[in-house]
Amino acid sequence: MRFGVVVFPGTWSDTDCYHALGAVLGYRVDYVWHQQTDLSAYNGIVLPGGFSYGDYLRPGAIARFSPVMASVARFAADGGLVIGICNGFQVLCEAGLLPGVLLPNSHLQYRCQWTNLRVDNTMTPYTGTCRPGQVLRVPISHGDGNYYADEATLTDLERHGQVVFRYCTPDGEATPESNPNGAARNIAGICNQQRNVLGMMPHPERCCEQVLGGTDGRFIFQSIASYLEALGG
Amino acid sequence: MPVDQRVLDEIALSRAEYDLIVQRLGREPSDVELGMFGALWSEHCGYKHSKPLLKLFPSKGPRVLVGPGAENAGAVDIGDGVAVVMKMESHNHPSAIEPYQGAATGVGGIVRDIFTMGARPVALLNSLRFGPLSEPRNRYLFGGVVAGIAGYGNCLGIPDVAGEVCFSPAYSHNPLVNAMCVGLTEARSLVRGQARGLGNLLMLVGSDTGRDGIHGASGLASRTFEAGRELRPTVQVGNPFLEKLLLEACLELVGRDYVVGINDLGAAGLTSSAVEAAARGGSGLDIDVLQVPRREQDMTAYEVMLSESQERMLVAVKQGFEDRVEAVFRRWGLSSVVLGRVTSDGMARVREGDRQVAEVPVALFTDPPQYRLEGRMPKELQPHREKRLDLLRDLPEEPGQLLLRLLASPNIASKEWVYRQYDHQVLTNTVVSPGAADAAVLRVRGTPRGIALATDGNGRLCYLDPYVGGALAVAEAARNVACVGARPLALTDCLNFGNPENPGVYWQLEQAIRGMADACRRLDVPVISGNVSLYNETQGKPIYPTPVVGMLGLVDDAARHCTSGFKCPGDVVALLGGGADPQGGLAGSEYLEVAHGLVVGKPVVDLAAEARVQRVVVEAISRGLLHSAHDCADGGLAVALAECSILGGMGFQGQVPLVAGRGDASLFGEAASRIVVSVARADQTNLEGLARAHGVPCQVLGRVGNARFALKGYLDLPLTRLAAAWRGGLEDALKGLP
């Protein structure tokens with residue numbers, strides 16, 4: 001099992017994802033430079049957080065044109081697992097691999113804090129080890145995490161079980177107070193209809209070790225690994 | 001022909017300094033040369049008024065790898081071949097004019113100082129001072145500075161892990177913005193900011209050069225503002241994305257033997273970067289300004305040499321290896337050009353194509369006149385210092401009400417509004433986050449160790465007694481890292497003062513440095529780097545003298561640290577330390593300002609007691625005795641206990657010992673060298689034994705538990721009320737609420 005962590009100019013969660021997948025969880029992992037186009041060595045691709053191209057224009061708007069992104073789209077179309085975290089989620093939306101956009105936080109400030117995420121769909125490659133409705137404690141760190149899509153798209157997402165994570169209280173209630181950025185319907189993470197592409201604003205790679213305050217991020221990475229193992233990856 | 005006074009004013013050189021230049025040079029300087037002298041002989045680059053005093057700091061120690069002034073930052077060995085590189089720097093004046101960009105470029109500059117030395121920046125801290133938030137201008141400055149630090153630091157992906165924010169009328173319209181950066185590298189990979197080796201090449205990398213920031217060092221940072229002068233063009237504009245690329249590209253060069261040195265372009269731009277690098281290498285240089293990539297047309301040699309355009313670096317490369325360097329930067333999408341060569345005759349030559357525009361010995365540029373002035377205590381201070389505090393009405397309000405007011409005071413209230421805007425977790429090393437303890441703790445990968453970081457400085461105390469205030473800044477910063485279980489190892493500082501040509505200010509500067517130096521010796525902490533920011537005043541009134549200390553501590557086992565909040569109901573709460581103070585720590589306290597509107601009294605420091613209490617708390621944490629430890633500082637014992645309760649989410653029942661025969665001193669006195677700790681009942685005697693062995697007082701105050709906070713004879717409040725006051729204080733003040 002081998003993961004590729006994509007590095008755009010301005011990416012900064014690359015080393016954190018590399019550390020969590022490699023040193024902490026023991027998987028094989030490589031950095032993938034944004035100009036690389038051959039992804040055939042990988043079972044899963046991570047688009048990490050950061051400020052690719054400085055978030056200039058719009059977060060993710062320039063990174064989607066990087067040579068690697070055409071390959072990521074093909075990789076996803078072939079059923080490969082692609083997880084976009086924070087800026088990676090923004091890139092996936094800009095690239096049209098996921099619906100909707102990430103607007104500036106409703107209060108217009110950056111937010112770095114722990115959040116509670118309710119797992120709304122456990123039938124994805126990213127949540128297979130979670131219980132339905134399980135609450136994960138995962139930190140966010142972003143200025144543009146306010147998920148937006150029109151009402152029809154939101155309803156469609158919910159109908160197809162594409163809303164994977166919602167911001168919630170510690171008891172699992174998706175209240176306005178537990179929503180840190182104004183995201184529509186408290187959405188923190190979504191997948192595509194095929195469920196092989198996931199985008200999420202919170203950072204699971206920041207909570208894989210107890211010394212950092214929590215280990216709930218492991219549920220997500222270990223779900224990926226279990227799914228790939230079942231496939232014979 | 002005698003030089004025009006307006007020209008000298010522009011670059012902030014005195015007539016006498018100009019005459020000295022003519023005398024040493026043996027001729028009138030050219031305009032480019034004069035501009036370069038103005039920058040290099042400015043207070044900001046040349047430390048004309050502070051250098052003789054800075055020599056008082058102890059700066060040596062077995063762990064010190066690079067001391068102050070030698071390179072862009074200081075470095076210490078923390079064992080296993082790992083070096084910590086760190087420095088703090090001010091960006092006060094730019095932030096007063098344009099808070100977002102002023103603060104952002106302050107972060108950019110200090111980060112460059114760290115990666116210039118080959119170290120990966122792993123932490124940012126910042127120490128901020130503003131005028132009262134009741135004034136709209138101060139709210140604008142505060143919001144802009146925090147947003148600027150967040151905007152730049154978050155984009156770089158460097159966690160902002162600790163710091164402080166204080167408010168006082170003394171900083172109205174002249175905020176203090178001190179940014180600190182800490183980096184890690186292998187001790188043997190430290191890169192020097194030097195240019196040496198005849199024929200080696202000087203390359204300029206990163207951003208193109210524009211007209212921004214010309215005269216920033218001389219005009220902005222080295223004198224006071226005059227009314228009506230438009231200074232905005234002297235503030236630079238930051239591009240954090242470019243800096244991130246520069247950071248990664250420069251770190252790729254670390255360990256390549258064809259790289260002779262790397263020096264950043266900060267204050268005074270190419271002038272100071274090139275001249276400093278040549279001075280460190282004992283070389284000369286010959287550069288051609290026509291090679292400098294520009295983003296504006298028709299720039300003169302003068303403008304190119306003095307531009308403070310951000311995100312640029314100078315790299316000295318062995319001849320023949322320029323293509324290798326170029327390739328590294330190109331991969332990161334950055335331009336690099338060969339600008340000139342290293343020479344061996346000690347001359348700094350600047351050409352514009354074939355035309356020579358400057359030729360001055362490097363040693364002349366880097367040897368500005370130094371001024372040892374006569375300081376004098378300001379007369380008006382005496383009555384404030386001698387104020388009879390025992391005649392003040394004791395506790396003019398109900399004690400519970402006073403405690404709530406203090407907890408809601410922006411100086412004491414939770415700073416979550418600030419630090420939640422900073423990414424404090426990226427790089428996944430942050431073991432203790434902002435707000436949880438008196439210092440941040442970061443793990444050091446590949447070792448069991450952790451580093452603890454804190455900043456501290458108290459302008460009110462320094463105003464009342466700069467010697468004691470300076471000593472207490474060092475003592476409290478050391479105590480902060482001790483409270484998480486770290487041994488203080490080294491410090492960096494930022495000395496924020498008014499105009500040193502004012503004898504009262506010079507006295508403050510000298511006294512504060514003497515106090516800091518004595519505390520460093522007593523606590524065995526060398527100063528490894530620092531920065532001086534003078535001329536902080538508006539309308540002729542100096543700020544409070546404000547030396548800020550950035551402290552590094554070492555934790556042997558990063559997992560074995562301590563935080564402030566109470567952990568277990570039933571635990572015993574005790575106060576460690578404390579010494580004799582006839583005013584019971586009321587001098588310069590937050591209480592006196594909040595309850596009486598006074599900044600008066602004579603603060604006291606006992607460095608021997610300080611060293612003892614720190615030893616006890618570090619030892620107790622390393623033995624695993626303590627469940628919590630919290631420095632007893634702003635707001636005194638009642639506030640410290642309340643903070644432990646709020647952070648732990650559990651109440652407290654007990655009493656405070658009587659101090660100076662007064663209720664206010666007992667509850668809210670800020671006598672130094674005291675730490676509130678909690679221990680399991682079974683460990684109480686062990687803690688008492690340890691304290692006794694070190695001659696440190698250990699008084700049991702009460703027990704952790706239930707949902708109320710009660711201090712016998714004074715107050716009994718629900719914990720929820722305390723928490724609401726403390727958590728909401730800063731945001732309410734920002735909304736203009738009383």
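Which residue is the bridge partner of B:R129 in β5(B)? That would be B:C166. Keep in mind that this is a predicted model.

**The six-stranded sheet in chain B**
- The sheet is open, its pairing is mixed, and its six strands come in the order β1-β2-β3-β6-β4-β5.
- At the edges you'll find β1 (64-66) and β5 (160-167) of chain B; each has a single partner strand, so one side of each has no neighbour in the sheet.
- On average, neighbouring strands here are turned by 20 degrees against each other, direction ignored.
- The B:R129 to B:C166 bridge belongs with the pairing of β4 (residues 120-130) and β5 of chain B, which is parallel and spans seven bridges.
- Helix α8 (residues 136-156) of chain B lies across β4, β5 and β6 (176-186) of that chain. Relative to β4(B), helix α8 of chain B runs at about 175 degrees.

**Strands β9, β12 and β13 in chain B**
- β9 (residues 284-288) and β12 (residues 347-352) of chain B run parallel and are joined by four bridges.
- For B:D288, the bridge partner in β12(B) is B:R351.
- On to β13 (residues 355-361) of chain B: this strand runs antiparallel to β12(B), with six bridges between them.
- In that pairing, B:R355 of β13(B) sits opposite B:E352.
- β12(B) and β13(B) make a hairpin with two residues between them. In the turn, B:G353 has a positive phi of about 70 degrees.

**Chain A overall**
- Along the principal axes, the C-alpha atoms of chain A fill a box of roughly 45 × 35 × 35 Å.
- Of the 233 residues in chain A, 63% are buried.
- Take the contacts in chain A between residues at least 6 apart in sequence: 76% of them join residues at least 24 apart.
- The accessible surface of chain A is about 8500 Å², and 51% of that belongs to carbon and sulfur atoms.

**A:N196 in chain A**
- A:N196 sits in the loop between β10 (187-191) and β11 (197-200) of chain A.
- Why does A:N196 count as buried? Because its relative accessible area is 5%, and buried means under 20%.
- Setting aside neighbours within four places in sequence, A:N196 is in contact with A:A76, A:G79, A:G80, A:L81, A:V82 and A:Y126.

Technical notes. Residues are numbered from 1 along each chain as its sequence is written. Chains are lettered from A and ligands numbered from 1 in the order in which they are written. This is a predicted model: local features need pLDDT of at least 70, side-chain atom pairs count only at pLDDT 80 or more; totals for chains, interfaces and linings use all residues. Side-chain values use heavy atoms; hydrogens and water are left out. Two strands pair if DSSP finds at least two bridges between them. Axes are lines fitted to C-alpha atoms, for helices over the stretch in contact, and angles run from 0 to 180 degrees between N-to-C directions. Contact means heavy atoms within 4.5 Å. Buried means under 20% relative accessible area, exposed over 50%, partly exposed in between (1.4 Å probe, protein chains only). Accessible areas come from the Shrake-Rupley method with a 1.4 Å probe; for residues, only the protein chains shown count as cover.
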